[in-house]
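Please read it with the sequence and the structure at hand.

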Amino acid sequence: HIENRLVTQAGDWGTFVDNRVDSWEENNLSEAERENKKEELKNLIADQKIGKTGYIYVLGGTGDNKGHYIVSKNRERDGEDLLQAQDADGDYFIQEIVNRSVDNPDEVFLKEYPWQNPGEDSARPKVAAIRYVEELDWVIGVSAYYSDFTGPSADAKSDAINKLAIGGGLLIVFAIGASLVYGRSISQPL
């Protein structure tokens with residue numbers, strides 16, 4: 001379920017960025033105007049929140065920017081080189097993400113990996129849906145921890161929905177019973 005949501009969002013964001021680039025070209029924007037629009041787009045992406053702690057990021061796909069953050073969470077690490085980053089199992093997951101996306105520009109794919117932030121006791125499973133936007137050489141990742149959608153807050157929401165459904169069902173049963181009693185009382189002759 002979470003995977004489908006992330007894949008959809010990655011695909012949608014890729015299409016959104018593609019459409020923005022097309023509109024810049026159709027409107028013959030100057031290089032300065034394009035850079036301003038690109039900066040607005042980066043800020044829009046950085047403002048997105050996925051689940052409880054997830055976010056959307058953008059990495060460079062090729063050349064000198066390959067594996068560098070173009071858009072990081074809260075834009076705090078923009079420009080940082082992640083190409084040598086390893087997940088908790090020691091895999092170079094950023095290299096895999098970037099290479100696969102550039103090699104398959106029409107594909108939206110998932111990458112699951114264990115991630116442990118500094119100060120945490122253990123790694124947690126994380127997933128990212130990835131799409132490449134060739135016109136800007138952007139690798140867009142929509143990422144979140146599974147626990148963002150399955151943890152206590154998700155369970156609380158599920159419990160609340162179940163309680164509302166049960167309460168609503170009881171209300172309907174009560175309303176039907178009351179209408180039958182009331183209907184009988186007004187339909188009987190005096």
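A residue is called buried if its relative accessible area is under 20%, exposed if over 50%, and partly exposed in between, with a 1.4 Å probe and protein chains only. The model is predicted: local features need pLDDT of at least 70 and side-chain atom pairs count only at pLDDT 80 or more, whereas totals for chains, interfaces and linings use all residues. Residues are numbered from 1 along each chain as its sequence is written, and side-chain values use heavy atoms, with hydrogens and water left out.

**Overall architecture**

The protein chain contains five helices and five strands. Helices (H or I, at least four residues) and strands (E, at least two) are DSSP runs, numbered from the N terminus. Read from the N terminus, the order of elements is α-α-β-β-α-β-β-β-α-α. Of the 190 residues in the protein chain, 35% are buried. The accessible surface of the chain is about 11,400 Å², and carbon and sulfur atoms hold 50% of that area; the areas come from the Shrake-Rupley method with a 1.4 Å probe, and for residues only the protein chains shown count as cover. A contact means heavy atoms within 4.5 Å. Among the contacts in the protein chain with a separation of 6 or more, 52% are between residues 24 or more positions apart.

How many residues of strand S5 (residues 138-145) are buried? Eight of its eight residues are, and the strand is mostly covered. Trp138, Ile140, Val142 and Ala144 point one way from S5, while Val139, Gly141, Ser143 and Tyr145 point the other way. In a regular strand the side chains alternate between the two faces of the sheet.

Two strands are taken to pair if DSSP finds at least two bridges between them. S1 and S5 run antiparallel and are joined by six bridges; here valine 58 stands opposite isoleucine 140 in S5. Strand S4 (residues 124-133) also runs antiparallel to S5, with eight bridges between them, and alanine 129 stands opposite valine 142 in S5.

The loop between helix H2 (31-46) and strand S1 (55-60) contains lysine 52, which is exposed at a relative accessible area of 53%. The C-alpha atom of lysine 52 is 8.0 Å from that of alanine 144, although the two residues are 92 residues apart along the chain.

**Helix H3**

In helix H3 (residues 93-103), the residues Phe93, Ile94, Ile97, Val98 and Ser101 are buried. Viewed down the axis of H3, the buried residues fall within an arc of 130 degrees, so they line one face of the helix; the arc is that of the directions from the helix axis to the C-beta atoms. The cover over the buried residues of H3 includes S1, strand S3 (108-115), S4 and S5.

**Aromatic rings and charges**

Six aromatic pairs occur in the structure. The rings of tryptophan 13 and phenylalanine 16 have centres 5.4 Å apart and planes at 75 degrees, so this pair is edge-to-face. Rings of Phe, Tyr and Trp (its six-membered ring) pair if their centres lie within 6.5 Å; planes under 30 degrees apart count as stacked, over 60 as edge-to-face and the rest as tilted. Both residues lie in helix H1 (residues 2-26), three residues apart, about one turn of the helix. Tryptophan 13 is buried at 14% relative accessibility, whereas phenylalanine 16 is partly exposed at 28%. Elsewhere, ring pairs link Tyr55, Tyr57 and Tyr69 into a cluster.

A charge sits over a ring if NZ of Lys or CZ of Arg is within 6 Å of the ring centre and within 35 degrees of the ring normal. Arginine 124 lies over the face of tyrosine 145, at 3.6 Å from the ring centre, and lysine 126 lies over the face of tyrosine 145 at 4.8 Å.

Most residues other than glycine have a negative phi, and most peptide bonds are trans.
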